[in-house]
Amino acid sequence: MSRTVVVLGGGISGLAACYHLSRAPRSPKVVLIEASQRLGGWIRSVRREDGAVFELGPRGIRPAGELGARTLLMVSELGLDSAILPVPGNHPAAQNRFLYVGGALHPLPTGLRGLFFPAPPFSKPLFWAGLRELITPRGLEPDETVHSFAERRLGSEVASIAMDSLCRGVFAGDSRVLSVRSCFPSLFKAEQTHRSMLLGLLLGSGQSLLLDSPLISQARAERWSQWSLRGGLETLPQALGAHLISQGVTILKGQPVCGLNFHLGKWQVSLGDSSLEADHVISAIPATVLSKLLPSEAAPLAQALAPIRAVSVAVVNLQYLGAHLPVQVMLGGSWLQALEDGGQTLPQELFQQQAQEAVATQLGLKKSPSQSLVSLHKSCIPQYTLGHWQRLEAAAQFLANHQLPLTLAGASYEGVSVNDCIESGRRASAHVLKEF
Ligand SMILES: Cc1cc2nc3c(=O)[nH]c(=O)nc-3n(C[C@H](O)[C@H](O)[C@H](O)COP(=O)(O)OP(=O)(O)OC[C@H]3O[C@@H](n4cnc5c(N)ncnc54)[C@H](O)[C@@H]3O)c2cc1C
């Protein structure tokens, strides 16, 4: 008899889980439940009448590494090759990276030569930070904040400037509270296995699976730094949704799950006035949301998940007459969260004003934008704070000890990038298929 898998959450993680389940040789019955009326979660593109696309969430996906290649493979399988908009390695956007420090933009050194000369915002050539890194002994702590890790290995200037910017850019977070082990596992592992982060990154893990396809080969040959899709990145979840329907997956939209109960080996997934029975549940909703839906017998699991909170981000899209592309500015993160936690609500106009000021000083676009869109995304980027790995271990232990047919996927756990989320869905589906 065919088993039923219910997937909670129609963001990219839940969609990826359904995609891989539906492709299995003996695919179970798959039901995807999404609270809102649309699929894609934070991946959202607003297509304007004049053809401009405003991205309200992610605007670029990295093709690098095994996960980048896996996403490209899925893109090809969905027939989206011709919609890809890549940023090739020889494009100025790929070659020039800047840090905004002390009210000015500073180009990051390119090539080996740049490492031997002092260049602002750094007071010394980066070569010295590299040398220090190579001779610093391995850390002994099971986890460390990103700032403390970088300060120990690279010195306080690189930690405060470069690693702090990285944490803001990827997690909209504070390097002094984020965990290096969970936010940047490749750096943590590189130190653990090779004693030096640089040596580890240089030598690699040696286990990378070399996937190939015409699109992956093209991305490698043209050294893409990232890619998007014509019509915006939301094209990807939309194509996934259409594909899933063609594969017989049931998609329920506008149906927030409001409770989970486990009885006689089956889940009862409550949708308010109705419920569904499931042999296995894949949760691809935020950890804090899941923690509130779990039955009382799973209280230790709920306790492990509840602290995995997310910060809010304001995204401001601005369009200027004569400029080729709209500009996306992200503001907020953990700093905005601190204000929100203190009960303050900031007006939308303030975000727009701050974004316009940033664009005027950093890009020289001083005129008023012809179009603008401000979106405040509440609790959108999970923060893997110190000890995150212990919370994941506690959750995994509970699930294993109680043989609960529940698998966790999504941005709350092991990576927030679109590639990470797609991989979490793939792994969740592989785990379920192994159990059946
Ligand atoms: C502003 C912003 C910019 C970003 N930029 C980039 C970028 O440039 N590149 C990159 O790689 N990544 C980027 N990211 C990260 C990435 O987009 C997200 O981490 C990823 O999309 C999260 O996907 P998800 O499916 O795990 O979660 P979500 O997108 O949060 O999806 C979860 C889904 O679950 C649904 N849900 C919630 N509660 C319930 C319930 N009770 N019942 C049923 N459904 C429920 C929600 O409605 C939602 O659709 C960005 C994120 C944000 C917010």
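Which residues in helix 1 meet which residues in helix 11? Ile12, Leu15, Cys18, Tyr19 and Ser22 of helix 1 meet Pro237, Leu240, Gly241, His243 and Leu244 of helix 11. Contact here has a cut-off: C-beta atoms, placed from the backbone, lie within 7 Å. By class, this contact of helix 1 with helix 11 has 7 nonpolar, 3 polar and no charged residues. Ala, Val, Leu, Ile, Met, Phe, Trp, Tyr, Cys and Pro count as nonpolar; Asp, Glu, Lys and Arg count as charged; the others, Gly among them, count as polar.

The model is predicted: local features need pLDDT of at least 70, side-chain atom pairs count only at pLDDT 80 or more, and totals for chains, interfaces and linings use all residues. Residues are numbered from 1 along each chain as its sequence is written.

**Helix pairs**

Helices (H or I, at least four residues) and strands (E, at least two) are DSSP runs, numbered from the N terminus. Two packed helices are described by the angle between their axes and the distance between the axes. The axes are lines fitted to C-alpha atoms, for helices over the stretch in contact, and angles run from 0 to 180 degrees between N-to-C directions.

| Helix pair | Angle | Axis distance |
|---|---|---|
| Helix 1 and helix 11 (residues 235–246) | about 35° | 10 Å apart |
| Helix 2 (residues 65–77) and helix 17 | roughly 75° | within 9 Å |
| Helix 2 and helix 10 (residues 214–221) | about 130° | 8 Å apart |

Helix 1 and helix 11 cross in a left-handed way. Left-handed means that the near helix is turned anticlockwise from the far one by less than a right angle; right-handed means clockwise.

Helix 2 takes part in two of these contacts. Helix 2 and helix 17 cross at roughly 75°, so they are roughly perpendicular to each other. Leu67, Gly68, Arg70, Thr71 and Met74 of helix 2 face Asn419, Asp420, Ile422 and Glu423 of helix 17 in this contact. Its residues divide into 3 nonpolar, 3 polar and 3 charged.

With helix 10, the angle is about 130°, so helix 2 and helix 10 are oblique to each other. Angles under 35 degrees count as roughly parallel, over 145 as roughly antiparallel, 65 to 115 as roughly perpendicular and the rest as oblique. The crossing of helix 2 and helix 10 is right-handed. Here Ala69, Leu72, Leu73, Val75 and Ser76 of helix 2 meet Leu215, Ile216 and Ala219 of helix 10. This contact has 7 nonpolar residues, 1 polar and no charged.

**Domains and ligand**

The protein is divided into domain 1 (4–43 + 234–307 + 385–435), domain 2 (92–183) and domain 3 (310–382). These bounds come from an automatic or database domain assignment. The centres of domain 1 and domain 3, taken over C-alpha atoms, are separated by 31 Å. Their contact takes 5 residues from each of domain 1 and domain 3.

Domain 1 and domain 3 each give at least three residues to the shell around the ligand. Helix 1 (12–22), strand 14 (310–319), strand 16 (371–382) and helix 17 (418–435) each supply at least two. There are 37 residues around the ligand, and Gly9, Gly11, Gly41, Pro58 and Gly410 come nearest. A residue is near if its C-beta atom, placed from the backbone, lies within 6 Å. The shell has 23 nonpolar, 12 polar and 2 charged residues.

**Backbone details**

The peptide bond from Pro120 to Pro121 is cis, with omega near 10°. Pro121 sits in the loop between strand 7 (104–107) and helix 4 (126–135). Arg223 has phi near 50°, a positive value in a residue other than glycine. Arg223 lies in the loop between helix 10 and strand 8 (226–229).

Terms used. Two residues are in contact if their C-beta atoms, placed from the backbone, lie within 7 Å.
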